[in-house]
Structure formats: C-alpha cells, structure tokens
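I opened the model to look up a few things. My notes follow in the order I made them.

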Amino acid sequence: MGSGMTVKSLTIRDIIAIKAEAKKVTALTAYDYTSARMADAAGIDLILVGDSLGTVVQGRDTTLAVTMDQMVYHTEMVTRATRRALVVGDMPFLSYQESNPVALKNAGRFLVEGGATAVKLEGGTAASLERISALIEAGIPVMGHLGLTPQSVHAMGGYRIQGKRAKDADRIVAEAKALEAAGVFSMILEGIPEGLAGRVSEAVNVPTIGIGAGPRCDGQILVWHDLLGLTQGHVPKFVKAYASLADTIRAAVHDYTKEVTDGTFPGPDQTYH
Ligand code: KIV
C-alpha cells in the first residue's frame, strides 16, 4: 500500500455485522494470486477458495477428486494476494467426513499452511455438526453449506435443486438453525428455491450467502469463471456473466498468432535496439 495507508482485513465479526447492518455480503471464488488480487482490489468481502477448482480449473465433471494438498496450494496463492477480503478454504471431499481428528488436522492446514481465516464444509447432518463444533472449539471459524451440496452429487442423483418438497424445506431450515447453534459465522445456500432461502435467512442471525438461491439471501457468491464469462459449455441459469472474457481471450490469442505468423510481432516497440 502506498502513502502509509493500512488496509484492515475483514474478520468473521465484520462479516456477521454486514447482515446486522442490513447490508449484503459480496463473495466470489478465486484460485490463484492474480485473480485474488483483482477481486480483493475490487472490494469483495469474502473470497472462497472453492473445491469447484476441480471443475473450473482441473476440468473434471465433479469436485470429488480434489485433494487437501491441492486446496492448500491454491489457498496459499490466494491469501498471498489478499489485503482486505476474508479468505475461506473449502474442505474437499473426505477431508472431514471420517472423524473429528481428521477434520481438525485438515482444517488446521488451511489456516497454518494456506493462511486462510476460516474453512467451509458441506452438510447439516449430525456428523457435520459434530465436525463443525470440534473445529470451532479448536479456534477455527467455520462457514456452513446447505441445499445443493456438490460433494453429495451421487447421493442427490445429480446436481438438482434441493428443498422443493415441504418436508425437505423444513429439514433445511432446521439444519440452518443447527449450524448457527453450532457456531458457524455464515452459511452458503446453494441451489434452493428463493422462498426457502428467504425462510432460512429470516431464521438465522448469521449471513446466508446464496448461489442459485435467489435474492432473499444476505449475500451472494459466484464462481470466478462464471462471473467473467470464462466458462465454456453449460452455464447454470443462476449465473450472470458480467464480462465475456472467453471471447476477449480467444480474439487476443488469435491476433497474436496472426502477428507472429505474418512477422508483425515483435515490432520495433517490443525489440531491444
Ligand atoms: O466450491 C465452491 O466454489 C463452492 C461455491 C460454489 C459456493 O462451494
């Protein structure tokens, strides 16, 4: 920072306060230094190093094969770039399901090696609540994740909107209250109808951060590649692309290829004389 200015990084208390002040939490995923630096400078409140890197960075169909080592590697790049945003590391499949000690060891790696402030884990079952309590007791802030939980893709029978039936909706509201009671500082609501997201948001005091959950959440999160129009192929209905960077990049690489081929690049300006 120039001119001796210091930028205060946001804490979990700041994130909770955003809801208390009836403002919206802005969140975005990032997976590397350059992107995180831009997101942070643009004023985003929270950066999630999501296990969605399995699909958008690694090109897989699901997030299931993402490892702890990969998550820590990407988290470290992101935290190196971040000055203000609160960084959350996403616990990958099987890094917390087995037992409290395994969850604690892996969550600790996000803070110690990755430099994150908090971790996120999916689900609201009794086992998830037990893990969340164990992490919070050890001083690790936790963000919850309810609704469409991608690590359960096979159990859900595909990426399907959750909570459409009344009994499923009631269960999600009950899980959200249980997550809050366990001490999460916020929770992702993914792939649920807007009415249910509104019910959950009213039922808890911590911010709900929606993705495919409509406008009644306390904040929104998008995947970096989706927001910038970098995703090629299927884009879900809930995404709004604020740029068309895939087109811009294709055109730039095309122009470069043409200029190298016809000998116009490098020109005199790019040459040491
Ligand atoms: O992995 C991820 O990026 C996520 C967000 C989509 C919420 O979990």
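First, a term: I count a polar contact as a pair of N or O atoms within 3.5 Å; within protein, one must be able to donate a hydrogen and the other to accept it, and residues adjacent in sequence count only if both atoms are side-chain atoms. The model is predicted, so I take local features only at pLDDT of at least 70 and side-chain atom pairs only at pLDDT 80 or more, while totals for chains, interfaces and linings use all residues. I number residues from 1 along each chain as its sequence is written, and my side-chain values use heavy atoms, with hydrogens and water left out.

**Entry 1: Gln-151**

I looked up the contacts of Gln-151. Its side chain makes a polar contact with the side chain of Gln-97, at 3.4 Å. A polar atom of the Gln-151 side chain also lies 3.0 Å from the backbone oxygen of Met-91. Gln-151 sits in the loop between β5 (142–147) and α7 (153–156). I take helices (H or I, at least four residues) and strands (E, at least two) as DSSP runs, numbered from the N terminus. Is Gln-151 buried or exposed? Gln-151 is buried, because its relative accessible area is 5%; buried means under 20%, exposed over 50%, and partly exposed in between (1.4 Å probe, protein chains only).

**Entry 2: the ligand**

Which residues are around the ligand? I list Thr-29, Leu-48, Gly-50, Asp-51, Ser-52, Asp-90, Lys-120, His-145, Ile-188 and Ile-211. A residue is near a molecule if one of its heavy atoms lies within 4 Å of it. This shell divides into three nonpolar, four polar and three charged residues. Here Ala, Val, Leu, Ile, Met, Phe, Trp, Tyr, Cys and Pro count as nonpolar, Asp, Glu, Lys and Arg as charged, and the others, Gly among them, as polar.

I then checked distances to ligand oxygen atoms. A polar side-chain atom of Asp-51 is 3.0 Å from one. For an N or O atom in the side chain of Asp-90, the distance to a ligand oxygen is 3.1 Å. For a polar side-chain atom of Lys-120, it is 3.2 Å. The protein covers 95% of the 260 Å² of accessible area that the ligand has on its own. I used Shrake-Rupley areas with a 1.4 Å probe.

**Entry 3: Leu-48**

I went back to Leu-48, one of the residues around the ligand. Leu-48 lies in strand β2 (residues 46–49). Leu-48 is buried, because its relative accessible area is 6%. From Leu-48 to Ile-136 I count 88 residues in sequence and 18 Å in space, C-alpha to C-alpha.

**Entry 4: backbone**

Most residues other than glycine have a negative phi, and most peptide bonds are trans. I looked for departures.

Ala-22 has a positive phi, near 55°. It lies in the loop between α1 (12–20) and β1 (25–29). Ala-22 counts as exposed, because its relative accessibility is 72%.

Leu-94 also has a positive phi, about 70°. Its place is the loop between β3 (86–90) and α5 (100–112). Leu-94 counts as exposed, because its relative accessibility is 54%.

Which peptide bond is cis? I noted the bond from Phe-265 to Pro-266, with omega near -5°. Pro-266 lies in the segment after α11 (245–262).

**Entry 5: Met-71**

Last, I looked up Met-71 in helix α4 (residues 68–81). Met-71 is buried, because its relative accessible area is 0%. Its C-alpha is 35 Å from that of Lys-167, 96 residues apart along the chain.
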